[in-house]
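Please look over the sequence and the structure shown below before reading on. The report that follows takes up the ligand site and then a few individual residues.

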Amino acid sequence: MKTSGTTYDLRLFPKNDRVRFNDSVINGKGSMPAWGNKLTVEEVNNIYEYVIH
Ligand code: HEM
């Protein structure tokens, strides 16, 4: 797996799983903190669009 450190490589994230993406980003997952109090749903959706393209 290509990675620049200890963080998850988003290039490997499944491109058809917006629900999981939003849930993981808003609520946190494993060692990643939750971003829901910092990002709006619209911002998370925009990041998702960027990541899958
Ligand atoms: C807004 C910025 C970020 C976005 C959009 C983002 C997005 C994601 C996504 C989609 C996953 C995959 C979750 C899953 O498997 O369902 C993930 C995992 C992870 N992220 Fe982030 N991330 C962000 C910032 C960060 C930062 C700053 C860190 C480090 C402090 C971090 C650390 C991690 C780690 C360690 C995982 C693996 C979690 C696990 O499965 O144990 N992320 N991230």
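Which residue of the protein is the donor to the iron atom of the ligand? In this predicted model, the iron atom has a single donor from the protein, namely the SD atom of M32, at 2.0 Å. As for its place in the chain, M32 belongs to the loop between helix 1 and helix 2, the latter spanning residues 41-52.

**The ligand and its surroundings**

The space that the ligand takes up is the largest pocket of the model. Around the ligand there are 15 residues, of which R20, S24, K29, S31 and M32 come nearest. Helix 1, which covers residues 18-27, gives the most to the shell, contributing 4 residues.

| Residue | Atom of the ligand | Distance |
|---|---|---|
| R20 (N or O atom of the side chain) | oxygen | 2.6 Å |
| S24 (polar side-chain atom) | oxygen | 2.7 Å |
| K29 (N or O atom of the side chain) | oxygen | 3.0 Å |

Is D9 buried or exposed? Because its relative accessible area is 8%, and buried means under 20%, D9 counts as buried. A polar atom of the D9 side chain lies 2.9 Å from the backbone nitrogen of R11.

K15 is likewise found in the segment before helix 1, but its relative accessible area is 51%, and K15 is therefore exposed, the limit for this class being over 50%. Although K15 and E49 are 34 residues apart in sequence, their C-alpha atoms are 9.4 Å apart in space.

V44, by contrast, is part of helix 2. With a relative accessibility of 1%, V44 falls under the 20% limit and so counts as buried. Computed along the sequence, how many residues separate V44 from I26? The two are 18 residues apart in sequence, while the distance in space from C-alpha to C-alpha is 7.9 Å.

Technical notes
Residues are numbered from 1 along each chain as its sequence is written. This is a predicted model: local features need pLDDT of at least 70, side-chain atom pairs count only at pLDDT 80 or more; totals for chains, interfaces and linings use all residues. Side-chain values use heavy atoms; hydrogens and water are left out. A residue is near a molecule or strand if one of its heavy atoms lies within 4 Å of it. A polar contact is a pair of N or O atoms within 3.5 Å; within protein, one must be able to donate a hydrogen and the other to accept it, and residues adjacent in sequence count only if both atoms are side-chain atoms. On a 1 Å grid over the protein atoms alone, a cavity is a set of points where a 1.4 Å probe fits but cannot get out, and a pocket is an open set with protein on both sides within 12 Å along at least five of seven lines; lining residues have an atom within 4 Å of a point. A molecule sits in a cavity or pocket if more than half of its atoms lie within 2 Å of its grid points. Helices (H or I, at least four residues) and strands (E, at least two) are DSSP runs, numbered from the N terminus. Donors are N, O and S atoms within 2.8 Å of the metal (3.2 Å for Na, K and Ca); water is not among the atoms, so sites may look incomplete. Buried means under 20% relative accessible area, exposed over 50%, partly exposed in between (1.4 Å probe, protein chains only).
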